[in-house]
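Please read it alongside the sequence and the structure shown here.

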Amino acid sequence: MVAEVNVRSVSDYAPEDAALLCAVGRLVCAWTMLEQSLEAKIAMMREAMGDVRTVGARTRPGMTKLMTELRTMVSMRDRRNAGALTEIADIERDMQRIDRFRSLIIGGFQQPAPGGFTCRDARNNQTHVSLEQLEAEIASLERVAQRLLAV
């Protein structure tokens, strides 16, 4: 005998879950906006250096490729100033932490739970993520974006 599987549609979530679902969307949008801003910054830096190629002409480059290119351009621009490269390394560490969190949310989202929602991590461990954690990571991502664009 096969047990019946009960699947909830998104429209069945309670109104109090709306803020949570909205915050998940904001996290995804903030990451995408960071990628687009970084692409634009690199394009401006290339133009200022006399190079008019577009970033990733065939496919959209990932964050790793963009950060590598930024690090290369900053090292060429600031040959005697290692401070900018140190800041980029700090930013990369923060971005990796946020990206792990983002991947947990996107890949492991299970369902809303009191005060947040449950996720399953890569090892299939159930984790509770609070709305406050999610909001803090979104704010952290926005701060990283500001720091990155200031480099």
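## Strand pairing in the sheet

Phe-117 stands opposite Val-129 in S3, and 5 bridges join S2 to S3, which run antiparallel; here two strands pair if DSSP finds at least two bridges between them. Helices (H or I, at least four residues) and strands (E, at least two) are DSSP runs, numbered from the N terminus. The model is predicted, with local features needing pLDDT of at least 70 and side-chain atom pairs counting only at pLDDT 80 or more, while totals for chains, interfaces and linings use all residues. Residues are numbered from 1 along each chain as its sequence is written, and side-chain values use heavy atoms, with hydrogens and water left out.

Phe-117 in S2 also has Pro-112 opposite, and Ala-113 has Gly-116 of S2 as its bridge partner. Between S1 and strand S2 (residues 116-120), which run antiparallel, there are 4 bridges. The resulting open sheet of 3 strands has the order S1-S2-S3, with antiparallel pairing, and its edge strands, each pairing on one side only, are strand S1 (109-113) and strand S3 (126-130). On average, and with direction ignored, neighbouring strands of this sheet are turned by 30° against each other; axes are lines fitted to C-alpha atoms, for helices over the stretch in contact, and angles run from 0 to 180 degrees between N-to-C directions.

## Hairpins and positive phi values

The hairpin of S1 and S2 has 2 residues between the strands, and in this hairpin Gly-115 takes a positive phi near 80°. The hairpin of S2 and S3 has 5 residues between the strands, and Asn-124 lies in the loop there, between S2 and S3. Most residues other than glycine have a negative phi. Asn-124, although it is not a glycine, has a positive phi of about 70°.

The axes of H3 and helix H1 (residues 18-48) come within 11 Å and cross at roughly 140°, so H1 and H3 are oblique to each other (angles under 35 degrees count as roughly parallel, over 145 as roughly antiparallel, 65 to 115 as roughly perpendicular and the rest as oblique). H1 passes H3 in a left-handed crossing, a term used if the near helix is turned anticlockwise from the far one by less than a right angle, whereas clockwise is right-handed. On the H1 side the contact is made by Val-24, Leu-27, Val-28, Trp-31 and Leu-34, and on the H3 side by residues including Met-95, Ile-98, Asp-99 and Phe-101. The residues of this contact divide into 10 nonpolar, no polar and 2 charged, where Ala, Val, Leu, Ile, Met, Phe, Trp, Tyr, Cys and Pro count as nonpolar, Asp, Glu, Lys and Arg as charged, and the others, Gly among them, as polar.

Residues of H1 including Ala-19, Leu-20 and Ala-23 meet residues of H4 including Leu-131, Leu-134 and Glu-135, and the contact divides into 16 nonpolar, 1 polar and 3 charged residues.

With helix H2 (residues 63-77), H1 packs at an angle of about 35°, the axes being 10 Å apart, and H1 passes H2 in a left-handed crossing. Among the H1 residues that meet H2 are Trp-31, Leu-34 and Glu-35, and among their counterparts in H2 are Met-63, Leu-66 and Met-67; this contact divides into 11 nonpolar, no polar and 6 charged residues.

## The span of H1

At 1.5 Å a residue, the 31 residues of H1 should span 45 Å, and its end C-alpha atoms are 44 Å apart, which agrees; the expected span of a helix is 1.5 Å times one less than its number of residues. H1 is followed by Gly-50, whose phi is positive, near 90°.

Note on methods:
Contact = heavy atoms within 4.5 Å.
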